[in-house]
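Here are my notes on the model below. Please read them with the structure open.

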Amino acid sequence: MAGVSSIEVKESLDELVQQLQQVETPKDKKRLQVLYWLKQEQSPSIGAIATAIGKHRNTVGRWLLQYREGGVNAMLERKTPAGGVRKIPQWAEVALAKRLKDPEHGFASYGAIQQWLAEELGIEAQYHAVYQMTRYRLKAKLTQSEIKSYPSAICQAELRAARVV
């Protein structure tokens, strides 16, 4: 019959009720509720159980596969992803933070930081990684180089002349 589980729940109803009362997170409670419903004499289908707890039937099936392979502990165990390895090491981040705080040695662009990391520290990093580290982890803004080629009076005179023409 489609939707009916062929899994045998080893724990008794009393053990499942006790575990449901002791569980700490709602996610674990949902997983144990699946076993509780399957242990009953008139157990509902996997699809009905999934609908009742607000999960997809494939998710419930995956939980049951974990239970079948390793019991309740395996079903309740959730692995946390390790995360990515940083492309720019901590020591280089500290060196960049020190350099950014120095007012005489600012950077005009994130590309300049990328070039400085490559030339001075020997670290090849993508532009996006440099931007993310500088802007969000170090919370630094780049110093803007001022236009020194024309004094402000000359620039204003040129603008006025351009409007006339």
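1. Contact here means heavy atoms within 4.5 Å. Helices (H or I, at least four residues) and strands (E, at least two) are DSSP runs, numbered from the N terminus.

2. This is a predicted model, in which local features need pLDDT of at least 70, side-chain atom pairs count only at pLDDT 80 or more, and totals for chains, interfaces and linings use all residues. Residues are numbered from 1 along each chain as its sequence is written, and side-chain values use heavy atoms, with hydrogens and water left out.

3. The chain has 8 helices and 0 strands. Of its 165 residues, 25% are buried; buried means under 20% relative accessible area, exposed over 50%, and partly exposed in between (1.4 Å probe, protein chains only). Among contacts with a separation of 6 or more, 55% join residues 24 or more positions apart.

4. The accessible surface of the chain is about 12200 Å². Carbon and sulfur atoms hold 51% of that surface. Areas come from the Shrake-Rupley method with a 1.4 Å probe; for residues, only the protein chains shown count as cover.

5. Which residues have the most contacts inside the largest nonpolar core? They are Val34, Leu35, Leu38, Val60, Leu64 and Tyr67, in a core of 18 residues. Such a core is a set of buried Ala, Val, Leu, Ile, Met, Phe, Trp, Tyr and Cys residues joined through side-chain atoms within 4.5 Å. Elements giving two or more residues to this core are α1 (13-22), α2 (26-39), α3 (46-53) and α4 (57-76). The most come from α4, with 6 residues.

6. Beyond its neighbours within four places in sequence, Leu35 is in contact with Val9, Leu16, Leu64, Tyr67, Val72 and Met75. There is also a second, separate core of 15 residues, which includes Ile88, Phe107, Ala125 and Val130.

7. Next, a helix pair. The axes of α5 (residues 90-101) and α7 (residues 127-137) come within 11 Å and cross at roughly 60 degrees. Axes are lines fitted to C-alpha atoms, for helices over the stretch in contact, with angles from 0 to 180 degrees between N-to-C directions. The two helices are therefore oblique to each other: under 35 degrees is roughly parallel, over 145 roughly antiparallel, 65 to 115 roughly perpendicular, the rest oblique. Glu93, Leu96 and Leu100 in α5 meet Met133, Thr134 and Arg137 in α7.

8. Finally, Lys10. This residue lies in the segment before α1. Lys10 is exposed, with a relative accessible area of 61%. Leaving aside neighbours within four places in sequence, Lys10 is in contact with Lys39 and Tyr67. The C-alpha atoms of Lys10 and Gly71 are separated by 8.4 Å, though 61 residues apart along the chain.
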